[in-house]
Amino acid sequence: MLLEKFNKFSKYYLLILSFLIFGVFILFLFINFDNINQYYSNKINQKKIIVLDIVNAESEQDRLNQILISEIIDNDNLLNIELENNFFIRTGQVNIVLVITNLGLNKNLTDKALELKPLINLGFSSYSPNLKNYTDMARDRGFEVLLDLPMEPDNYPKDAGALSLLKSLAQEENFSRLSQILEKVSNICCLYSPLNEKFSNSSEMVSILTKLYDQRIKLLYRGRFKDKIEEMAKKIGYNDLIFIDLELDDELNEEAISRKLNNLEELAKEKKYLIVTGQAYMLTLDKISTWLNHINNENIKLIKLSEMFEDNKHEY
């Protein structure tokens, strides 16, 4: 009799105990929900696939149909995901390459540039009377150094120096001038072209690009014949040719330069590297100095040209 009563009540006890255990489990989950959520969030973050921006995709359908992750590039400050068909996901900082050109001709302007933060690249004139001293000083202060490649100007025969590459010269003479330029200073990162020149629109430019290719010398092109020179470079397999995206002071006034500097971050979101040049004007240097002191380093990463060239995923 007692055994029957025990068996009858034990069933109720087990049922009640099961409900209690289930209730405790639910309570445990509720109390620890934030911790569990944080755990899985951390697991996702460890994979570092955090998409902040998708550019060059015209619609949500484009994103779904055309985005194909091919590689993740990861370092302390930048995570990019390369996509097919030039699609690009950017996370973290934007990359900006800033170059000041035509230094070394005016002492005050050159000294002013050398006082800037060494986050930028300094381009010197091949005609500078103190070229070696200036370039050595720039390197000692942490700057990347470029050298200009004089070319036949738009207003030729005016403003054509003794080292300018000219359409009228024999190939050997242009090669000789190129050699003289390269011998002026060693260990330069890159040559850069003038803005207002017409030499690169001639067939003679092919031989110069071939010479640069043979000597593994890089060229930053700033002229207006981009399509033509790009076609020349492709024909000879010259991949060390890059183009600027923006000239800061082609409109030399305070408002225009400030506006362009303030828009650099937004423009850079559409590119792996935004390449910007400005000339050695006091107004330009003053504006760059102010900008460097106020940029948000969490959003903008200023890149040396050599860093960009070392990234074999840069698209020329």
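Analyst: Helices here are DSSP runs of H or I with at least four residues, strands are runs of E with at least two, and both are numbered from the N terminus. On that basis the protein has 11 helices and 13 strands. This is a predicted model, in which local features need pLDDT of at least 70 and side-chain atom pairs count only at pLDDT 80 or more, while totals for chains, interfaces and linings use all residues. Residues are numbered from 1 along each chain as its sequence is written, and side-chain values use heavy atoms, with hydrogens and water left out.

User: What share of the residues counts as buried?
Analyst: Of the 316 residues, 42% count as buried, where buried means under 20% relative accessible area, exposed means over 50%, and partly exposed lies in between (1.4 Å probe, protein chains only).

User: And what share of the contacts comes from residues 24 or more positions apart?
Analyst: Taking contact as heavy atoms within 4.5 Å, such pairs account for 64% of the contacts with a separation of 6 or more.

User: Let's look at a strand. How many residues of β12 are buried?
Analyst: Six of the six residues of β12, which spans residues 274-279, are buried, so the strand is largely enclosed by the rest of the structure. Both of its faces are covered, with Leu-274, Val-276 and Gly-278 buried on one side and Ile-275, Thr-277 and Gln-279 buried on the other.

User: Which strands pair with it, and in what sense?
Analyst: Two strands pair if DSSP finds at least two bridges between them. β5 pairs with β12 in the parallel sense over six bridges, and Ile-96 stands opposite Leu-274 there. β11 (residues 246-247) also pairs with β12 in the parallel sense, over two bridges, and Leu-246 has Val-276 as its bridge partner. From β11 the chain crosses through helix α9 (residues 254-268) to β12 in a right-handed β-α-β crossover, meaning that, with the strands pointing away from the viewer, the path from the first strand over the helix to the second runs clockwise.

User: Switching to helices, which residues of α4 are buried?
Analyst: In α4 (residues 107-114) the buried residues are Leu-109, Thr-110, Ala-113 and Leu-114. They lie on the same side of α4 because they cover an arc of only 135 degrees around the axis, the arc being that of the directions from the helix axis to the C-beta atoms. On the other side of α4, Lys-107 and Asn-108 are exposed.

User: What covers the buried side?
Analyst: The cover for the buried residues of α4 includes β5 (94-103), β6 (121-124), α5 (131-140) and α10 (282-294).

User: Where is the cis peptide bond?
Analyst: The cis peptide bond joins Tyr-156 and Pro-157, with omega about 15 degrees, and Pro-157 is found in the loop between β7 (144-148) and α6 (171-184).
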